[in-house]
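Please keep the sequence and the structure in view while reading.

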Amino acid sequence: MKAFETKVDKEYDKDGFQMTFANGLTVSIVFGKYTYSDEGETTAEVAVWDKDGYWYVLNEEDNHMSLFKIPSGNDVMGHCTADLTASIMDLARKYK
């Protein structure tokens, strides 16, 4: 598994990348016409999942200071600013 991977999807007009941390969590950051972003002007769509296929979102109960594993399905975090995206990446990197 590569630590960094570029994701370009010309069919759906989106660009982005994903990175996998040593703890097994992968963070995907995409932006473009068919994403939950403003096409990369100021926001991006961010997704987090683990090697077993579980997805994670920001925890509403602690004011987004941690990630919450969702029990089933998948979800993305839309319209994330650069600062929020960096915070999500850091939470994923530190997740135990």
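## Salt bridges

The model is predicted, and the count of salt bridges in it comes to three. In general, side chains of opposite charge can pair when their charged atoms come close.

One of the salt bridges joins K51 to D52, with 3.8 Å between the closest N and O atoms. Are these two residues buried or exposed? Both K51 and D52 are exposed.

D90 forms a salt bridge with R93, where the closest N and O atoms are 2.9 Å apart. D90 also forms a salt bridge with K94, and here the closest N and O atoms are 3.0 Å apart.

How far apart are D90 and R93 in helix α1? They are three residues apart, so about one helical turn separates them. D90 and K94 lie four residues apart in helix α1, also about one turn.

D90 has a relative accessibility of 28% and therefore counts as partly exposed. R93 is partly exposed as well, with a relative accessible area of 46%.

## The nonpolar core

In soluble globular proteins, nonpolar side chains tend to be buried together. The largest nonpolar core here has 17 residues. Those with the most contacts inside this core are V27, V46, V48, L67, M77, I88 and A92. At least two core residues come from each of β3 (26–32), β4 (44–49), β5 (55–58), β7 (77–80) and α1 (82–94). Helix α1 gives the most, with four residues.

## Contacts of A92

Apart from neighbours within four places in sequence, A92 is in contact with F21, N23, L25, V27, V48 and L67. Among these, V27, V48 and L67 are also listed with A92 as having the most contacts inside the core.

Technical notes: Residues numbered from 1 in each chain as written. Predicted model: local features only at pLDDT ≥ 70, side-chain atom pairs only at ≥ 80, totals over all residues. Heavy atoms only, no water. Core = buried A, V, L, I, M, F, W, Y, C linked by side-chain atoms within 4.5 Å. Buried < 20%, exposed > 50% of the residue type's maximum accessible area, 1.4 Å probe, protein only. Contact = heavy atoms within 4.5 Å. Salt bridge = Lys/Arg side-chain N within 4 Å of Asp/Glu carboxyl O.
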